Amino acid sequence: VRPIELKRRHLPGPAGAAEPPLVLVHGIFGMGNNFATVGRKLAARREVVLVDLRNHGGSPWHDDASFEAMRADMEGVLE
């Protein structure tokens with residue numbers, strides 16, 4: 001499975017935040033911006049990353065929408 005580059009929106013946390021970044025992933029019919037309001041609130045304490053899965057929001061379209069393909073895409077986000 002060949003991963004694709006996913007659309008991400010970074011919400012920076014405070015400088016020197018002790019907590020690790022938090023990645024929010026939407027459900028089947030969503031997109032990363034579904035979490036914009038809660039993401040901004042969470043960003044008061046840590047960096048937050050909102051992700052659009054393949055075939056959603058601003059991410060590219062691909063015929064392979066399997067869980068294996070989405071897992072490979074998310075590995076790229078988490079690296």
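Which residues form the largest nonpolar core? There are eight: Ile4, Leu6, Val49, Val51, Leu53, Met70, Met74 and Val77. By nonpolar core I mean a set of buried Ala, Val, Leu, Ile, Met, Phe, Trp, Tyr and Cys residues joined through side-chain atoms within 4.5 Å, where buried is under 20% relative accessible area with a 1.4 Å probe, protein chains only. Strand 3 (48-52) and helix 2 (67-78) each supply at least two residues of this core, and helix 2 gives the largest share, three residues. A second, separate core has five residues, among them Leu24, Ala43, Val48 and Leu50.

A word on the source: this is a predicted model, in which local features need pLDDT of at least 70 and side-chain atom pairs count only at pLDDT 80 or more, while totals for chains, interfaces and linings use all residues. Residues are numbered from 1 along each chain as its sequence is written, and side-chain values use heavy atoms, with hydrogens and water left out.

Turning to the chain, we find two helices and three strands, in the order β-β-α-β-α along the sequence; these are DSSP runs, helices being H or I of at least four residues and strands E of at least two, numbered from the N terminus. Of its 79 residues, 33% count as buried.

Finally, consider Val51. Beyond its neighbours within four places in sequence, Val51 is in contact (heavy atoms within 4.5 Å) with residues including Leu6, Val23, Leu24, Met74 and Val77.

Technical notes. Buried < 20%, exposed > 50% of the residue type's maximum accessible area, 1.4 Å probe, protein only.
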